Amino acid sequence: MRNSSRRVRAGLAVVVAAVLGAAGCDAAGGAHGSSGVPDGTRPSASPTPSWNPHPESIVAVGDSITRGFDACSVLSDCPEVSWATGTSTAVDSLAVRLLGRARAATHSWNYAVTGARMADLPGQMRQAAARDPQLVTVMAGANDACRRSVTQMTAVADFKAQFEEAMRTLRVGAPKAQVYVASVPNLKRLWSQGRTSALGKQIWKLGICPSMLADADALDAAANRRRETVQERVEAYNKVLEEVCAKDRYCRFDGGAVHAYQFGTDQLSHWDWFHPSTDGQARLAEIAYRTVTAEHPVA
């Protein structure tokens, strides 16, 4: 290539870079670009923004875990012990740790819904965005795997599309809200711990995560294959959560910490031996706090 051509191309590259830098992903306030992806969720030529480890308002979205289901009484929500926004001194939720107990009561909101699946997250994100929060916590996906049968589990492609829609929905109303995404717990681990309780197994028969927990004592090839299928789907969901979060400049994934956490019987509800107990909620709060306040994202 001739030297003149090199000079022309180099000059053009400088102009293009300057235009891209001037456009900036923040200029549109979260509007969609030509790709159809919100500005907050696509790569930018501008520097990565600083992460604020001390947000002053929090909204939680997700499912029964974030509602504190079965932590206080059987088959009931107990949001006061929620790992994300609860006010219980036994948990010291993420909101309490970040905001202080008094401010947590007035500057955190819990829009999680027991039984919610990823398809429900866009609606919850719309509610979250209306609060204009500085931090949104996400814990969702367990119910997509916890279906009546493995054939009814949410397809991975659908799960990804639903999570992407949820993030787009948030960005429309809260383009710079930080997002903490927790991985889906290890459901097979919960089965192996909870099956030691006769009471827990009776509660499971009421319909708690049948794809994993049905026929809890069965160890034949079909039962083992069913549970392994659920486990693999959860792992695929976690990969989706990580990948989608990584595309958003204001999002942090927990690096699989919740999935890796070894819940013991003390961390499980003594009502259903599957959902986190008050102690389990406290452990989830610790994981979230470490991730949100870390100097760098979890590798």
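Mentor: Helices (H or I, at least four residues) and strands (E, at least two) are DSSP runs, numbered from the N terminus. This is a predicted model, where local features need pLDDT of at least 70 and side-chain atom pairs count only at pLDDT 80 or more, while totals for chains, interfaces and linings use all residues. Residues are numbered from 1 along each chain as its sequence is written, and side-chain values use heavy atoms, with hydrogens and water left out.

Trainee: Which residues of H12 are buried?
Mentor: Buried means under 20% relative accessible area, exposed over 50%, and partly exposed in between (1.4 Å probe, protein chains only). The buried residues of H12 include Gly280, Leu284, Ile287 and Val292.

Trainee: And what covers the buried residues of H12?
Mentor: The cover includes helices H2 (94-99) and H11 (257-260), along with strands E3 (135-139), E4 (178-181) and E5 (251-253). Cover is judged by contact, meaning heavy atoms within 4.5 Å.

Trainee: Switching to H4, which residues are buried there?
Mentor: In H4 (residues 121-130), they are Leu121, Pro122, Gln124, Met125, Ala128 and Ala129. Looking down the axis of H4, these buried residues fall within an arc of 155 degrees, so they line one face of the helix. The arc is that of the directions from the helix axis to the C-beta atoms.

Trainee: Why would residues a few places apart point the same way?
Mentor: An α-helix has 3.6 residues a turn, so residues three or four places apart point the same way.

Trainee: What's on the other side of H4?
Mentor: Arg126 and Ala130 are exposed there. Just after H4, Asp132 takes a positive phi of about 50 degrees.

Trainee: New topic: where is Thr265 found?
Mentor: Thr265 sits in the loop between H11 and H12. Thr265 is partly exposed, with a relative accessible area of 29%.

Trainee: Which residues does Thr265 touch?
Mentor: Leaving out residues up to four places away in sequence, Thr265 touches Gln193, Thr196, His270 and Trp273. Thr196 is 69 residues from Thr265 along the chain, and their C-alpha atoms are separated by 9.0 Å.
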